[in-house]
Amino acid sequence: MNKQKIFFILSIIGIILLLILSQNSFEKISGKIEKIIYQDGAIKIYIKNESKEILLFTKKIINLKENDKIIVVGKKYEINKIIANKIILQNDS
Amino acid sequence: MILEFTIAILIGIFLGTLTGLIPGIHTNLISIFIISTSTYFLKIISPEILVVTIVSLAITNTFIDFIPSIFLGAPDEDTALSTAPGHEFLLKGRGHEAVLLTLIGSSIAIILLLLIFPLFAFTIDKIYPIISKLIFFILILASLFLISLEKSRTIPTIIFIFAGFLGIASLNLNLEQPLLPLLTGLFGSSTLIYSISQKTNIPKQKTDFSFPNKNILLKPIIATTIVSPICSFLPGLGSSQAAIISSSIFKKNQLSREQFLILLGSINTLVLSVSFLSLYYTSKIRSGAASAINQIIILNSSSLKLIILAIFLTSAISIPLTIKFSKIFAKNIHRINYTKLSKRILIFLSMIILIFSGILGFLVFLISTILGLFCIYTGCRRGFLMGALLIPTILFYLPL
């Protein structure tokens, strides 16, 4: 088998492997909401004592307020941002 | 204040030279370090001075970072596209010329900044919503145009799509620095492995250089002026995407290797410079340096003037500095056993990737290298590997 074919097959196998791994790769952070900002069709959520900024791409008003305790599951974006896939409200009440 | 300002510029240039010359060390890493230690620095110096250091560091890096990319085949995310043409120049003894062409581009960018600055200030609010809606179609058209230029379109299309899937997977792996293993593999290590397999010998490098005539300069200037400001204020677009869109402005074979290197240099510097204007006028963060500045101060007109002054002074010092370092590389590279050097750089890059991106990052690096080698062995143009950034960006702008 020539080099082209070997690299072609290895590329396919490698890319499929990475695609599978990426589907199971999430970032998870939790804490109390410090502030919520609605901007440019996205919502930015800041958590107390957490440098990462949470981005939620929706134009809807979300049912969250300051001091709500949340768990965010999402994907890392740029240096210190997380695009939220799921936000779980953890308030005791 | 003048003394503090000068010291800040010099420290920035020193750090920018280090990040530029050492493969894998991105300015963002140093910016993050400065931010994390800023509470200490801000007790001694004003925030504006810290901002000047970051600007100076980032600008110097855009001048210097082509040197390892061209001489060592070790690029970063902004210089990845220069590796292939740079390597060709190196094999013809013209490595120094390749660096100087990118330097001419960077210098042109600084002059263009003077022209773009007032234009940007008055038009940004009006243009931004229009361009952000059109960018999806512009990127698709640029991609289709690039593929349509090829005689045989099957292999370039396969490579472009494969690179796209690789990019999507890598950017979704939650890696600390996803672009580092991705682009180092696609453009850097694949070139190094190919050089090792071919037992490449680097000829003695020429250090004489004649300045290109204005006809050569015209096309890169036009392309940079049109594309860089657009790519500077839209998320997900960087120097590499800007270079691909720019080169698709011209018809087949109309942009020579020399012009492409000038284009890369000018875009690299201008995209970064305009990201500071973007931060001031639109509050949008479009570079690691702009992100660092945003965490230190809220820009006002006087701090913006200070940034512009820092850009010009840094450039004035970085130009002779780049020439000096390039000459040192050019005079010594042929004395070194290039195969041994390539092996050492390969080990160094692997270690850097393991440290900054972990095991998963290393896996991305391996697979990107394999795809890069597939591209080399099929004889396909390496620009198609930029599908790794273009396809995720197209998906980002997909109108839903």
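This is a predicted model: local features need pLDDT of at least 70, side-chain atom pairs count only at pLDDT 80 or more; totals for chains, interfaces and linings use all residues.
View 1. Of the contacts in chain A between residues at least 6 apart in sequence, 38% join residues at least 24 apart. Chain A holds 1 helix and 5 strands, and their order along the sequence is α-β-β-β-β-β. Along the principal axes, the C-alpha atoms of chain A fill a box of roughly 65 × 30 × 20 Å. The radius of gyration of chain A is 19 Å, whereas a compact globule of 93 residues would have a value near 12 Å. Buried residues make up 19% of the 93 residues of chain A.

**View 2. The contact between chain A and chain B.** Chain A contributes 18 residues to this contact and chain B contributes 22 residues. On the side of chain B that touches chain A, at least two residues each come from helix H2 (27–36), helix H8 (154–171), helix H13 (288–296) and helix H15 (338–378) of chain B. H15(B) gives the most to this side, with 10 residues. Sorted by class, the side of chain B that touches chain A consists of 15 nonpolar and 7 polar residues, with no charged residues.

**View 3. Helix H4 (residues 47–64) and helix H12 (residues 257–282) of chain B.** A pair of packed helices is described by the angle between the two axes and the distance between them. The axes of H4(B) and H12(B) come within 9 Å and cross at roughly 160 degrees. Angles over 145 degrees count as roughly antiparallel, and H4(B) and H12(B) are therefore roughly antiparallel to each other. The crossing in which H4(B) passes H12(B) is right-handed. From H4(B), the contact is made by B:Val55, B:Ala58, B:Ile59 and B:Thr62; from H12(B), it is made by B:Asn268, B:Thr269, B:Leu272 and B:Phe276. The residues of the contact of H4(B) with H12(B) comprise 5 nonpolar, 3 polar and no charged.

View 4. Leaving aside residues up to four places away in sequence, B:Tyr194 touches B:Leu373 and B:Ile376. B:Tyr194 and B:Ile376 are 182 residues apart in sequence, with a C-alpha to C-alpha distance of 8.0 Å.

How values were computed:
Residues are numbered from 1 along each chain as its sequence is written. Chains are lettered from A and ligands numbered from 1 in the order in which they are written. Two residues are in contact if their C-beta atoms, placed from the backbone, lie within 7 Å. Helices (H or I, at least four residues) and strands (E, at least two) are DSSP runs, numbered from the N terminus. Ala, Val, Leu, Ile, Met, Phe, Trp, Tyr, Cys and Pro count as nonpolar, Asp, Glu, Lys and Arg as charged, and the others, Gly among them, as polar. Axes are lines fitted to C-alpha atoms, for helices over the stretch in contact, and angles run from 0 to 180 degrees between N-to-C directions. Angles under 35 degrees count as roughly parallel, over 145 as roughly antiparallel, 65 to 115 as roughly perpendicular and the rest as oblique. A crossing is left-handed if the near helix is turned anticlockwise from the far one by less than a right angle, and right-handed if clockwise. The radius of gyration is taken over C-alpha atoms; the globule rule is 2.2 Å times the number of residues to the power 0.38. A residue is buried if 20 or more other C-beta atoms lie within 10 Å of its own, exposed if 12 or fewer, and partly exposed in between; C-beta atoms are placed from the backbone.
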